[in-house]
Amino acid sequence: MTAQVITVSSGKGGVGKTTTVANIAVALAADQVKVVCLDGDIGLRNLDVIMGLENRIVYDIVDVIEGRCKLRQAMIRDKHLPELYLIPAAQTRDKNAVSPSDMMRICNELRPEVDFILIDSPAGIERGFRNAIAPADRVLVVTNPEVSAVRDADRVIGILEAEEKRSTALIINRLNQMLVKQHDMLSPEDVLDLLGIPLIGIVPEDESVIVSSNRGTPVAQDPKSRAGQAFRNIAKRIKGEEVPFLDMDKQAGLWDRLQKMTGRR
Amino acid sequence: MGWFGSKRSADSAKERLQLVLIHDRTDLTPTELSSLKDEILEVISRHVDIDSNAVQIAVEHDGRQQRLVADIPLKSQRRRTG
């Protein structure tokens, strides 16, 4: 077994990086795939609460780096999914406690043990982001169909190009199809045209995401949620399965064209 | 075009982003771009007559590739008489 390292990044904060990591992880682990999530947001950790594991933290990533515990001891097993682990960020330290080579070392130690390592990148394009992308085999850029999020995603994509990171893919999160139809929200086609990288998922705006984060059970575990379905589809595409994009308004046309654009047809 | 002839907000968003991304990606400000155009035209017009009213120079994007596209119509050479 040698794990693929996938980093989820965005530039702008608040677009849904942590939610995306938690949900892809849950969806992969529910399929008997072994996953470790790494919270890269030192000082502002949140992946633990989104996954509902905040009460189980004993050691964190900085404890591993500074030799206070073994890597295994910092891995928290999920409550429901035995194949899913979280390595939390340190809350009382800052990003300078971790270096890109520390991240590479931790991932290299994990690689033989698991199938996927998912890294939640902090917002911004500084040290914490550099740490998060250093070991990445693949980077998923999350954006919202909104001017500031798209602009920041473009900056991140530009840096990834300069770093020669390959197979970068885009997740458009919080799409409101009603606003798109009224021409008051950028459509997925607009966003793809602007950013020029392949699409791996479109997640509709969905209240159940907030409800599930309140409970600490990622929405991908809710079989009725549209957003949950979209995250489960992303997990399948990560595993290399061909999955059609969700029909946001049950009308073909736009989605057919979109699938052609992204070569998924 | 939407109500009252005003543009719908998604169209404004896309147009504004197209411009802002060109500047973010190339590190060229609108002022620098316009002086770049002036200099290109100055050099070309030293050698041939150009129709300066019909000149179009713009940064276009194709995927993540930026290119400076210039369309510079040349004036037809007047025959010298006498």
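Trainee: In strand E6 of chain A, which residue is the bridge partner of A:Ser9?
Mentor: Residues are numbered from 1 along each chain as its sequence is written, while chains are lettered from A and ligands numbered from 1 in the order in which they are written. This is a predicted model, where local features need pLDDT of at least 70, side-chain atom pairs count only at pLDDT 80 or more, and totals for chains, interfaces and linings use all residues. E1(A) and E6(A) pair in the parallel sense over four bridges (strands, E, are DSSP runs of at least two residues and helices, H or I, of at least four, numbered from the N terminus; two strands pair if DSSP finds at least two bridges between them). Within E6(A), A:Ser9 is bridged to A:Val141.

Trainee: Which strands stand at the edges of the sheet in chain A?
Mentor: The sheet is open, with eight strands in the order E3-E4-E2-E5-E1-E6-E7-E8 and mixed pairing. Each edge strand has a single partner strand, so one side of each lacks a neighbour in the sheet; these are E3(A) and E8(A).

Trainee: Is A:Leu199 buried or exposed?
Mentor: A:Leu199 belongs to strand E8 of chain A, residues 199–204. A residue is buried if 20 or more other C-beta atoms, placed from the backbone, lie within 10 Å of its own, exposed if 12 or fewer, and partly exposed in between. A:Leu199 has 22 C-beta neighbours inside 10 Å, so it counts as buried.

Trainee: How far apart are the end C-alpha atoms of H7(A)?
Mentor: The expected span of a helix is 1.5 Å times one less than its number of residues. For the 16 residues of H7(A) that should come to 22 Å, and the model agrees, because the end C-alpha atoms are apart by 23 Å.

Trainee: Which helix of chain B do the buried residues of H7(A) pack against?
Mentor: The buried residues of H7(A) include A:Ala149, A:Val150 and A:Ile157. Contact means that the C-beta atoms of two residues, placed from the backbone, lie within 7 Å. In chain A, these buried residues pack against strands E1 and E6 and helix H9, and in chain B against helix H1.

Trainee: Which element gives the most to the side of chain A that touches chain B?
Mentor: The contact takes 14 residues from chain A and 16 residues from chain B. Helices H7 and H9 of chain A each supply at least two residues of the side of chain A that touches chain B. With six residues, the most comes from H7(A).

Trainee: What is the phi of B:Gly63 in the turn?
Mentor: Chain B follows the pattern α-α-β-β along its sequence. Strands E1 and E2 of chain B run antiparallel, joined by seven bridges. They form a hairpin with two residues between them, and in that turn B:Gly63 has a positive phi of about 65°.

Trainee: How many of the seven residues of E1(B) are buried?
Mentor: Across chain B, buried residues make up 4% of the 82 residues. E1(B) is hardly covered, and its count of buried residues is zero.
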